[in-house]
Structures are given as C-alpha cells and as structure tokens.
Amino acid sequence: MQSSIMNTFSSGTRLRDMIRAIRACKTAAEERAVVRKECAAIRASINENDQDYMHRNLAKLMFIHMLGYPTHFGQMECLKLIASPGFPEKRIGYLGLMLLLDERQEVLMLVTNSLKQDLNHINQYIVGLALCALGNICSAEMARDLAPEVERLLQFRDPNIRKKAALCSIRIIKKVPDLAENFINPAIALLREKHHGVLITGVQLCTDLCKISTEALELVRKKCTDGLVRTLRDLANSPYSPEYDIAGITDPFLHIRLLKLLRVLGEGDADASDSMNDILAQVATKTESNKVAGNAILYECVQTIMSIEDNGGLRVLAINILGRFLSNRDNNIRYVALNMLMKAVTFDAQAVQRHRATILECVKDSDASIRKRALELVYVLVNETNVKPLAKELIDYLKVSDHDFRGDLTAKICSIVAKFSPEKIWYIDQMLKVISEAGNFVKDEVWHALIVVISNASELHGYTVRALYRAFQTSAEQEILVRVTVWCIGEYGDMLVNNVGMLDIEDSITVTESDAVDVVEIAIKRHASDLTTKAMALVALLKLSSRFLSCTERIREIIVPFKGNFVLELQQRSIEFNSIVARHQNIRSTLVERMPVLDEATFVGRRAGSLPGAASTTTATSVSLPNGVAKPVAPLVDLLDLSSDDAPAPSSSGGDLLHDLLGVDLSLPSQQSGAGQSSNSGTDVLLDLLSIGTPSAPSSSSTVNILSSNASIEAPVSPLDDLSSLSISSRTTSNAGAAPVMDLLDGFSLSPPTENNGPVHPSITAFESSHVRLTFDFSKEPGNPQTTIVQATFINLSSETYTDFVFQAAVPKFLQLHLDPASSNTLPAAGNGSITQNLKVTNSQHGKKSLIMRVRIAYKINGKDSLEEGQISNFPRGL
Amino acid sequence: MIHFVLLISRQGKVRLTKWYSPYSQKERNKVIRELSAVVLSRAPKLCNFVEWRGYKVVYKRYASLYFCMCIDDEDNELEVLEMIHHFVEILDRYFGSVCELDLIFNFHKAYYILDELLIAGELQESSKKTVARLIAAQDSLVETAKEEASSISNIIAQATK
C-alpha cells in the first residue's frame, strides 16, 4: 500500500521489473531503449534529490553497469549513500563505489573522509564495509591517509574486523611500500591467532610484508619460523573438523598459505630451511592426492621444497610427486606438473629428462594450455645428445598439429635445430622439412639464416638445390619454401640440372633446364606469391638467363610482362633485366656470377643487432673498424664499401643481410631517394648492382676511379672485380651511345658521402651522474626532417672500469627509436676512452613535440651490477 | 593475488565482475570480450587454466555459468580452482541450490558474499559457516532497518490521514 503511494512521486520501476524488462528484450536495440529510459528516470530522480529511491537507483545502475553501459552520473550517488547514517544505505553505497569507480577516479578522493568515519564507527559491520571498500579500491593517497586506522583495527576485538584489516593492509603496503614497517609488529601478532580467517589473512600479510621489506623478512624469519612450522604440523595432524574440512583435509587454504610463507622464509636461509624439512616431508608424503585440494597442497609443497635451501632427499620426493602428477589423467594436474618441471630443470635436469617421453606426448595433447607448457619444457630439455630424436618427433607432429599451435611449434623447432644441429646436412634437411610443412610460419630471420648456411656449405649446394626442387613439387603453397627454392635455383640451378655434387644418400633425378625455369615461373606467376617472392624470382630468372642459354628467350618472355606491373620495384627490375638479357650478353655472365659465400658469424651478429623491439643492444660479433666504430654489416659489404674509412660509419637500416644483397628490401630504394645520404650508400652497392635502383649520381667519385684502374683484369675472381669489370663494360657501351639504361648502370657507383646540410643542432649532455656522463650529438638525414641521428657518447667518470655496459632507451609512442649496437661493452675508467652508440629517432609529431627519452644504463663494476636511470628532456627544439 | 573475478554465462553475458587491480572501463570491456571468447570456446575436459597476457585465468563451469579468476603466473592454480568451488558452495548454501537466475535478480547479494570471501584479491575466510553467519547478520540489519522505516512511514501515514 505504502509503496504504491510513494510511487506516485517517482516514475521508477522496481529493480526486479527492470531486470525482467531487460531480459525480455529480443534485440540489442530494444535493450538499449529500455536502458536509456531507465537511465533517464534515474537521472531525473537524482536531480530531484529523491532520498527514498537512492538505494534502488544505485542497484539499477549497477546492473546497467554490468551490461556495459556508462553510469558515471551515478558516482556521486554512491558517495551520498555512503555518507548517510543507516547500514542498508552504506552497504549498497560501498558496493556501488567498488563497482562503478576505480582507484584512478578523482571522485574517489571525496570518499576518504566518510571512510575515516566509518572505520571508527561503533557498528562493527559498518567498519567491515569500509575496510572491504578500502582494501579493494584504495589509491596511494588514501592508503597514506587511512593507514593508521587500519593498523589500529588489526587489534580490534572482533576477528571479523581483524581479518579484513589484515587484507586491507596488504593493499596499503602494496600501494605505499614505505608504510610496511608500521605493519610488521601487528602482523606478526596475527600469526599467533587461532581463528582460521585471521590466521589465513595474517599469514598472507606477513608473506607480502616479507616480499616488500627485508627488515620484515628477517624479523619474521627469526621470530616466527618455528611457530609457523608448529602451526602447520598441528593443522596437518588435526582431527576432522567439519567447518574447515575439504575432501578430508582440514583447511587446505591455510595449508597453502603457510607453505607459501615458509617458502619465503626458507629461501636463501639454511637454518630456516632446515627447521622446516620435517614438516615438508610429512606434508609431501602424507597428503591425500585424489582430490583437487590435496593436490593443491602437494603442488605448493613441491614449490616450497624446490625453492628453499637444498636438501637432496626432499627434492627427490618433490620430483617423484611431479612424476606422479605427470602421469595423472586429470589435465589440470598434468598442467601444473609441466609448470613445475620447468622450474625443476634448473637443479635436476637429469630427473626431468627421465620424463621426456611423457612430456613429448603432452606436446601432442588436445589441450592448448598443456601443449604450450609441454613445448616450452621440451625446448629446455633439448641438448646435443637428444636433439635428433626430439626434433624428429616435433617435426612429425608439425604435420598434424593444430593451425593455432603451428606458429609456436615452428619457432621452437627452428630454434632447436639451429642451436644444436650436429652437422650442416642435418640442419638443412630439418629446415627443409619445416619449411615444406609450415613454411608460412617461419620468420624471416630464420629462412635468411638457412640461406646463409646453405651458401656456406659448398659441398651441399647440389644436394640442397635438388632437395628443394623435390620439395617444391609437393609443397609449392609454402611461400618460404618457394623463396628459398627460387634463390637456390637462381644460384645453383646448373647443379640441379647436371646432378653436380651427388651424395651417396640421394637418388639422382633428371631435371632439364626448362624444368628449373618452370619452378621459377610457377613462383612468379603464382597468384599468392608476394612482392618479395616475385622480386626474388626475377633475380633468379636473370641469373638463369646466363646459365641456361637454351632458355634465355623463354626467360625474357617471363620477365617482359612485368614491365607493366603496378609495383614500381617489379616494373623497374623487369625493364632493366630485360635489357640486360636482350642487349648485354657480353656482361651478363659476370654480372650474375654466383653470390660470394655469406659470412655466418657476421650474419648472426647483425641479426642480434637488429632484432625488432629490442631496446638493448648486443655487441657480441660486430666488426670493429679502424675508426673504432663498430659496424655490424656483412664483410661483403665491407669489401665493397670503399668509403668507410673516411666517411661516417654507415648505419644499416636494420634490414636483413639478404634483403640488402638481393635488393628486395623495399624500404631502401625509398630512403635512397633522399639522395647523397651516406648512411646507406655503403651497404647497398650490391643492391645497386642487382636492382639498379639508385638515381643516377655524378660518376666522378673516387670509387669509380679506383674501379677503372682495375680495367685490365681479364678473369674476375672476386666480387669487387666483378663490379669493376661491369663498370667498365657498361661505361664503354654507354660511350657507344646506347639506351638510357646505361645511365642507370653508370650510376651504381658510390655516391660520395655528403656532409649534413640540415640545420645544426648543438650537442647536449643528456645525462650525468657521479659515475657516468652521456652526451648526445645530433645530425639529420637530409630530406627527412622527422628523423634524427643521435650519436651517444658515454664517458666513465669513476676510477673503476665498467663491464657489461648496456644502454637502453625508451620513448613515448609518437617517437620511433632504433638503436645500433654500441661500439663496445667495456668502458675504461676515468674518461680513458668512451663508448659510442648511434640512435635513430623518428618523430612523428615533428615540429609539434620535442624529443623526450627515458634511459637506463646498466653496467658492472668488479662484477657487481649497477643501474642508472634518467629522463632526458633537454633535447634541442626542432628535432 | 587475484586480479579480477568474472562470472560469464554460456551466452557470454556478464553476471558478475569484480576488479582488484585497476582496469579502466574500456580495458574492462576489452578483457571481458577477450576472455569470454577464449573461455567459452574451450572444449570440456580440457584443463581449467588459460594463459593470457602473462597471467593465468582459472575457470570452471557450473551449469550455465563460467566462474573465472585471473591470477599471477606464480600463483597456485589448483588452489584457485578450490576457491571457486568454495565460492560456489557458499552461494549454493545461501540461495538454496543456486541457479543463474538467482545471480541475475539478486546480483547484489552475490557481490556481498564475494566481499566476505575476498578482499584485495586475497582469500579472507576459509569457513563457509562463518561467511554465511556474517551475511545473515548483515541481512538482518538491513531487514530491521527496513521494518523501522516502514513503521515510521506507517505512523506518518496514520498521522497525516
């Protein structure tokens, strides 16, 4: 009766009715309409300041919020309800606060005062509400303001409040670690409690305190270890207690928390570890393992055993438990077993190896979570002795594996094969299997590495190209396989046709020249082939045109249609190659000589230097030049790079060796259009040779003179000579007044390094501490104002030598940062030398925002780690 | 620590969300979308753990509802599974064989229960009985307040008749 009278003042429906109405909606649009109507009513009610319906409005808003609609207009209602005196209002108000707000909202600060009052309320349930809200959403400021109240409540008479205060304290010390010391003593007092709730939360609080503060850790270790061991023993031996019993075990949650705290206390302390050995052994042997609860305890116990100081017997016990877990039929148990074995590998690899067969089976499990864990475990178990059978198993499985899983699996197989391969032929065989099976999942650097290896294995060239030819017949849909095949046929096509270098293990095949060209033709005409593949195929065709003279005309016919290709790269190649094939028979054979062997070590080093996303740099295998600047480029490039001694070191663009060599890296030609830029000129000579993509530059550079002086050499033996003879012949034809292509051929010479002609920016001291000074020198790439080349120079200001010196930098999103490898990782003492490192920063907001950078410098002094961090915001304007 | 608790229905409707780590509203919606897709698509009998963005999500299906808890990588997955069961048993005891509809129409009650079970993403109470007792005590506080309110409004109504 009453409510109907009250309803005349409000248009609101009851919560229940609103939920019904929403559930009755058949479409999302209907639902939106209902919600919109309700929200409008609630807003109106809020505006009228309708006290009677605040409670109901908020409940409705929470439901609407759960459906994902915006409800910010209800935030102030929460605060009003919290501030009202009654328990029901406060209860729903706090619930709304936790649901509708998060700690980052300003509104939250307004509630601090109400919270403070409620924490001191005489009604313990209201205190409980406030503690719960504070524990779930408090911010650092609130934590500081209210920590004394919470600390006091840890000693409240009612256990219900003590346990809530304990968990609330966890949130507070996580938000403001400085406050931890205030909580240490009251927390330790909680460990003596009998009430399970208080004990559980107290143990948890101590665990978190110990993680935050070493002072707490030492104190708890000294004062409480024995007590905790006793508590755990009493708990483990306690008779059946219905209130806490789960599957025959008394309070597994408390068990687990005690084991966790013991783990923290035992880690790195032999005495503490010693005192808990007995109870751990008891838990490990006596706990029933047929239910989740028991297994959860065993799992925690195993973790503790493996973390505390070594005790051989216990660890055997732990490994045995994991073995049992692994053979369990329950997937959950197997999952955690795999998880733990991963940690066990570090101290007992032998024991884990024993389970290898089972683990390998898990890789093939139908459950993605288990597969992933198992694969990671197998990955760490591989070594030189077992790599062959393991790789075979994995590759066999690759054929039947889930599509989603193939990416991970392929990456791991490639990594295993590359790391542990006993011989090259085995490596090539396995990689061929992988790329024929899952070529589309193989990363660029992996197949580039494969080509480098193939190039190095001169006795296997014939074998490899034939194997690839066979694989191509069955797996032509695998892009990466196609690329590698095309490259190899381009290089070693003659070996394919003539069965050169037959190994005993292979069957001879008959491949005609035209069959080999067929492969490349399929690759280039295949609809799915991407630009890289097509570009590679064009290069291969050019090479074959000189090797298979019978097919020259056919090759020209394949090349010619690309003259009209929409992709400039292909169009240009097609026109140029066509002209080489048609008109320059005399230079063709030298022009398309086989690639010189690619250097493996440098390739690996370079890869390390150009790993995407790696902010830190590796200096492992970079080539050191006379001028002291490391230069992670291939020796081939060095060989050709005649200007490197007197020019600034070319900074590679981070592209891959092969890309440069084949001239397929499409980013390069576009960069070159900012002509005269020294940073690429060195690297791209060969690119120029093949792609002839550089705009013509004045040919009066010294390089050409050097090359000209070699003109008398008859039989070219090195690539350098190739270049020179090519240059000469092209020049002579050019002089004869031929096609415009000649100009292009003419123009492949190195453009002389030009000095920076952009505005000059002053150098800055970017970072200075008492140990190290970092200065930045700036230069710009002409024609590219967004990009700044920063040369960082590090000086050691102390009297100790720094080793393992690593510089890392981070920039906000509008900047892009590329770090080249540093010149060294050792910084001599007292300024007796420096480390330099080039950074390339691209500012997408050039002219609007200045550069800003956060840096971290890590190094070791006498083997001790040292770390410095700072922010650099004093960059000159306009960079 | 538990970063959040999610209850999702078989149809992907959210029935309860509780966040113990700061996620903005936008992130929350994204997380819910992502996770419901992952969890709902998993076949039965697979393990109850999903690795997700460097965390682990422990989930368990009860009738038409999926209970999910997101935990740190080093936390005990099996324990969290037991915790979910603990929560479900308490709900069951409170509502008397709980069903999805109970959690829809009395969603606030489910939140109150969860608040007696977890704070700051940590377990608060291992005794189902204690939780039930605390909830009952607070419910009766609300009832008393309501009765008082209605008797006052009765008096007012009588007086103003």
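I took strands as DSSP E runs of at least two residues and helices as H or I runs of at least four, numbered from the N terminus; two strands pair if DSSP finds at least two bridges between them. The model is predicted, with local features needing pLDDT of at least 70 and side-chain atom pairs pLDDT 80 or more, whereas totals for chains, interfaces and linings use all residues. Residues are numbered from 1 along each chain as its sequence is written, and chains are lettered from A and ligands numbered from 1 in the order written.

I noted that Lys60(B) has Phe67(B) in β5(B) as its bridge partner.

I then traced the open, five-stranded sheet of chain B, which has the order β2-β1-β5-β4-β3 with antiparallel pairing. β2 and β3 of chain B each have a single partner strand, so one side of each lacks a neighbour in the sheet.

I next examined the interface: 46 residues of chain B are in contact (C-beta atoms, placed from the backbone, within 7 Å) with 55 residues of chain A. α5(B) gives the most to the side of chain B that touches chain A, with 12 residues.

Finally, I checked α21 (residues 368-381) and α23 (residues 403-420) of chain A, whose axes (lines fitted to C-alpha atoms over the stretch in contact; angles from 0 to 180 degrees between N-to-C directions) come within 11 Å and cross at roughly 5°. That makes α21(A) roughly parallel (under 35 degrees) to α23(A).

Key. Contact = placed C-beta atoms within 7 Å. Parallel < 35°, antiparallel > 145°, perpendicular 65-115°, else oblique.
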